[in-house]
Amino acid sequence: MIKKNKLILDNLKKGLVASCQPIPQGPMDKSSIILAMAKSSLIGGAKGLRIEGEKNIKLIKKNTNVPIVGLIKRNLSNYPVIITPFLSDIEKIANAGADIIAFDATNRNRPESVKSIINEIKKFNKISMADCSSIFDVKNAIKSDVDIISTTLSGYTKNKIPEYPDFKLLRESISLKIPVIAEGRFNTPYLAKKAIKMGAHCVVVGTALNRVEIITNNFVNTINE
């Protein structure tokens, strides 16, 4: 790994990465609001940001000075993968200024192989981040020479989403001696701290910070139980 990328990862060590991704087509899905989310997260102490979309990445990069995990989401009719499915997406994300490029690394039908995605990211001297759902995904990504692993998609490739984070996958991934980012339902400070104590490189939190509709609905549903 080149020195610049190593420093980026060092800066994220034991920190919080705020995922500033509002509900698509929702009232907060505007670049100006996403920028406000990002700046507010940094005031709160976040060490990095996870941002979707070429336009948003470019705007956030211009107005902040922390590492950015960039991705592009696509709802494809022929493939279940959503996060950065195409090689052409990587060029857009890299040119927009992302430091880390996240992609779906699950063992599902896909337009581009995991290996080809990783190779393309390396062409732009960016850090490759495999969003995984299982230990099979993790091992395959490592075999394909990925830089970092994330547990992002654990529980999201099946019909029912679990209530709690996948600490088993987190533990197994950490044991493979690669930087592992805890992501996926780490929605309380306690759960985030537990992940760091287990050895996660850092923790990504999104919905619990920035999706006001879901946060509000959780309160409403609990009150009405």
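Predicted model: local features only at pLDDT ≥ 70, side-chain atom pairs only at ≥ 80, totals over all residues.

I started with Ala 98, which sits in the loop between α4 (87-96) and β4. Helices here are DSSP runs of H or I with at least four residues, strands are runs of E with at least two, and both are numbered from the N terminus.

Residues are numbered from 1 along each chain as its sequence is written, and side-chain values use heavy atoms, with hydrogens and water left out.

Is Ala 98 buried or exposed? I find it buried, with a relative accessible area of 0%. (Buried is under 20%, exposed over 50%, partly exposed in between, using a 1.4 Å probe and protein chains only.) Setting aside neighbours within four places in sequence, I list Ile 57, Ile 68, Gly 70, Ile 93 and Lys 126 as contacts of Ala 98; contact means heavy atoms within 4.5 Å. I also checked Ala 98 against Glu 225: they are 127 residues apart in sequence and 42 Å apart in space, C-alpha to C-alpha.

Next I went to Thr 84, in the loop between β3 (68-71) and α4. Thr 84 is buried too, at 0% relative accessibility. A polar atom of its side chain lies 2.6 Å from the backbone oxygen of Ala 102. Beyond four places in sequence, the contacts of Thr 84 include Leu 71, Asp 89, Ile 93, Ala 102 and Phe 103.

Then the cysteines. How many disulfides are there? I get zero, taking a disulfide as a pair of cysteine sulfur atoms within 2.5 Å. For Cys 20 the nearest cysteine sulfur is that of Cys 202, 14 Å away. Cys 20 is buried at 2% relative accessible area, and Cys 202 is buried at 0%.

Last stop, helix α1 (residues 3-12). Its buried residues are Asn 5, Ile 8, Leu 9 and Leu 12. Why are they on the same side of α1? Because they cover an arc of only 95° around the axis, the arc being that of the directions from the helix axis to the C-beta atoms. As a reminder, an α-helix has 3.6 residues a turn, so residues three or four places apart point the same way. The cover over the buried residues of α1 includes β1 (16-19), β2 (48-52) and β8 (202-205). Just after α1, I noted that Lys 14 takes a positive phi of about 60°.

Technical notes:
Polar contact = N/O pair within 3.5 Å; in protein donor to acceptor, adjacent residues only side chain to side chain.
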